[in-house]
Amino acid sequence: MLKFPIYLDYSATTPVDPRVAEAMIPWLTEHFGNPASRSHAYGWEAEQAVEDARGHVAALVNADPREIIWTSGATESNNLAIKGAAQFYKGKGKHLITLKTEHKAVLDTVRELERQGFEATYLDVQENGLIDLEALKAAIRPDTIVVSVMMVNNEIGVVQPIAEIGELCREKGIVFHVDAAQATGKVEIDLDSLKVDLMSFSAHKTYGPKGVGALYVRRKPRVRLEAQMHGGGHERGLRSGTLPTHQIVGMGEAFRIAREEMNAENGRIRRLRDKLLAGLQDMDEVYVNGDLTHRVPHNLNISFAYVEGESLIMAIKDVAVSSGSACTSASLEPSYVLRALGRNDELAHSSIRFSIGRFTTEEEVDFTIDLLHRKISKLRELSPLWEMVQEGIDLNTVQWAAH
Amino acid sequence: MFAPVYLDWNATTPLDEAVREAMLPWLGMRFGNASSRHEYGRQARAAIDEARARVAAAVGAHPTEVVFTSGGSEANNLFIKGAAALLKPGTVAVSAVEHPCVREPARQLRRNGWLFEEIAVDAEGRVEGSALTAVLSHKPALCSVMLANNETGVLQDVPALAARVRGVGGWFHTDGVQALGKVPVRFRELGVHALTVSAHKIGGPLGAGALVVDKRLELAPLIAGGGQERGLRSGTENVAAIVGFGVACEQALARIEARKAEAACTLKTLRDALEADLIEAGASVFSRGAPRLDNTCFFAIEGVDGETLVARLDRAGFAIASGSACSSASPEPSHTLLAMGVPAALARSAVRVSLGHRTTADEVQRFATALLQQVNELKQLTAMAV
């Protein structure tokens, strides 16, 4: 039994796993105490629940629970990490490095710091979406204090060489921040071996609730941050504000499940994604965006040439997908990530991000393959450009006349 | 099921049943990201718009004046730091009895060249007119005075204070977190430029708050990113909590209306009866003579340590507080009481009881009995130790 629209937009957000909801709800209802209330059982039990959850988050990434700071989400974690580190270490230098393909939560934060007097280098990526380590080495200056590179890209799903970047940054004494919002539950994260100083986590990308995230802050060697939210001194003074027990419990449970089920789940999801890929690749002029090897199993970002992007999205309303990342789909600009891969505007506009997940079924994948086949051929039938290409005309040689 | 009698409503409140019902679908099948263009996303976007309208209605503001945040602390930080970022460094003035999440961000502004001033209060905890006059002579660019104090329950005359600050060209903010749902909170009538409110103080969930802000006041966002909340607060919206916040506002408004019609057995009656018992037993009740929230009782019994008394009452089955939750880790006596001129020793004996709409007369009576019993025991112990 298919439910429409079929949800294939797991990278935008994930449903709360029923087990997570079940764990959360008592903390929303009967056990409603403020975890900072030291004076009664309502507060203590809430505090205990928060600490248990902290342990689950730490366990997924092989960190010490004391290294996990609760935030309202990965966007806030990214802001706290980058601004917090830049402001603390600005005596050492004022240069920041990141990639052009980062999430807006990182890019806008870095831009904000530029307005405050910092300097930034936004590195290009290779055509497969991966960082060029030589380019990073060349960009590092004596006054570089922070490097930020996401582990898994939200649009194209590629996995960056975090271990190698970490080695490089540690050698140079540069603080290394990683946005891992799209990574948890999808790739192995071992902060005991990765030389990462700061790492952002999101709950709602890993079957947890919205409104909660975390920031890993390394203790050995110690990383310092300027707090961005001041007040009652919560989270060792790094992030003030009453902790939302039920949301934190949800994140803890979601990460606990991820740790237990990730390997088996990834196998199943990879098979489904590969089926989807095979089913779509048998059409002409279909291009996968981003490296297929260094990529999470959940993501498939595909451009369908000679199909108008908006029409395509409208035509496939039976599946809920994304063209461009959710956080910027208010604007109809072509995806800056795809542009960074070298895709031209038309191809960028004609791209779809399929992201599957825990509850995706084979039936849904089959339906999607069939739907895309029908709609793409129909749209191409209507496309004069497609007609010309079929006739063997090289569109690049055409002189387009203005009217 | 053992459940202590909950008399700490100012710390946080139990979730309203209607709020729970409203929230559950958004932790279930309605899980879309509000920025997604498909049906899941559109559903979430519509729910947020509806919640925004409810919050706006509850405070008499326009929906476009409501900026959702993760809570009251964040909203306070957003006003103070966000406004200061777009102004030339000047003077920021806050009352001497503000919550740390107003005082600390204001103090932080000193690193950017701002002058920080505290506006003194009288022995009851009300802003002193003369103290404000002195501060106004420095033409503060930013000013914040809370509507209702979380510890004493004292209500400030915000319309009068705001008018005076506006008179010297300053922006005025009030932290209305403890006031919403207890007294009428009307944005325009208050004459403030910005107002902070929080869901979990009014039967809503933890994790949602709002800064209600006059659009003439320019704010730099604290959290950059995908541009949500018209660029003022980026980050995937917490739909469930926002929906809960909207319904909680409606419920709170309905309760205030219902209270107007009530005659006997209001919260005030229960609180006043408790205070009469306390005074008879020799307690000092803080701010008794000042305009106060009906539900709050902040008192001290000389020679009886507040933390100790509270711990014993917890064991006896009553949840109360010594000082506010946010600072109950710190051994410092209440900043508010010190600002009121209360000696540190007495301040260390301070205990706060705050009632709510589910509190019964029976609960308060049992509490009074238990309290007096514990006080006697503690006094005997002290006498023995001498």
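What percentage of the 403 residues of chain A count as buried?

Mentor: The model is a predicted one, and every value below is computed from it. Of the 403 residues of chain A, 57% count as buried. Where the chain makes contacts between residues with a separation of 6 or more, 75% of these join residues 24 or more positions apart.

The overall form of the chain comes next. Twelve helices and twelve strands make up the secondary structure of chain A. Its radius of gyration is 22 Å, close to the 22 Å that the globule rule gives for 403 residues, so chain A is as compact as a globular protein of that length. Along the principal axes, the C-alpha atoms of chain A fill a box of roughly 75 × 55 × 40 Å.

Let us now consider one residue of this chain. Ala53(A) belongs to helix α2 (residues 41-60) of chain A. A residue is buried if 20 or more other C-beta atoms lie within 10 Å of its own. Ala53(A) has 30 C-beta neighbours inside 10 Å, so it counts as buried. If neighbours within four places in sequence are left aside, its contacts are Ile248(A), Val249(A), Met251(A) and Gly252(A). Ile156(A), by contrast, lies 103 residues from Ala53(A) along the chain, and 30 Å separate the C-alpha atoms of the two.

A whole helix of chain A can be read in a similar manner. Helix α4 (residues 104-115) of chain A has twelve residues, which should span 16 Å at 1.5 Å a residue; its end C-alpha atoms are 16 Å apart, and the two values therefore agree. The buried residues in α4(A) are Lys104(A), Ala105(A), Val106(A), Leu107(A), Asp108(A), Thr109(A), Val110(A) and Leu113(A). These buried residues pack against one helix, α3 (74-88), and against the strands β3 (95-99), β4 (119-123), β5 (144-148) and β6 (175-179) of chain A. Just after the helix, Gly117(A) has a positive phi of about 110°.

Chain B has a helix that is also called α4. Eight of the nine residues of α4(B) are buried, so the rest of the structure largely encloses this helix. The eight are Pro100(B), Cys101(B), Val102(B), Arg103(B), Glu104(B), Pro105(B), Ala106(B) and Gln108(B). Among the elements that cover them are α3, β3 (91-95), β4 (115-119), β5 (142-144) and β6 (171-175) of chain B.

Val59(B) brings us to the nonpolar core. In soluble globular proteins, nonpolar side chains tend to be buried together. The largest nonpolar core here has 243 residues, and Tyr216(A), Val59(B), Val212(B) and Val243(B) have the most contacts inside it. Helix α7 (residues 245-281) of chain A gives the largest share of this core, eleven residues. At least three residues of the core also come from each of domain 1 (5-13 + 262-385) and domain 2 (17-255) of chain B. As for Val212(B), its contacts beyond four places in sequence are Val59(B), Ala61(B), Glu65(B), Val66(B), Phe187(B), Ala194(B), Leu195(B) and Val197(B).

Finally, the two domains of chain B may be set side by side. Their centres, taken over C-alpha atoms, are 28 Å apart. Between them, 25 residues of domain 1 of chain B are in contact with 26 residues of domain 2 of chain B. The elements that give two or more residues to the domain 1 side are β10 (296-300) and α11 (335-339) of chain B. That side of domain 1 comprises eight nonpolar, 14 polar and three charged residues.

Conventions
Residues are numbered from 1 along each chain as its sequence is written. Chains are lettered from A and ligands numbered from 1 in the order in which they are written. This is a predicted model: local features need pLDDT of at least 70, side-chain atom pairs count only at pLDDT 80 or more; totals for chains, interfaces and linings use all residues. Domain bounds come from an automatic or database domain assignment. Two residues are in contact if their C-beta atoms, placed from the backbone, lie within 7 Å. Helices (H or I, at least four residues) and strands (E, at least two) are DSSP runs, numbered from the N terminus. Ala, Val, Leu, Ile, Met, Phe, Trp, Tyr, Cys and Pro count as nonpolar, Asp, Glu, Lys and Arg as charged, and the others, Gly among them, as polar. The radius of gyration is taken over C-alpha atoms; the globule rule is 2.2 Å times the number of residues to the power 0.38. A residue is buried if 20 or more other C-beta atoms lie within 10 Å of its own, exposed if 12 or fewer, and partly exposed in between; C-beta atoms are placed from the backbone. A nonpolar core is a set of buried Ala, Val, Leu, Ile, Met, Phe, Trp, Tyr and Cys residues joined through C-beta atoms within 7 Å. The expected span of a helix is 1.5 Å times one less than its number of residues.
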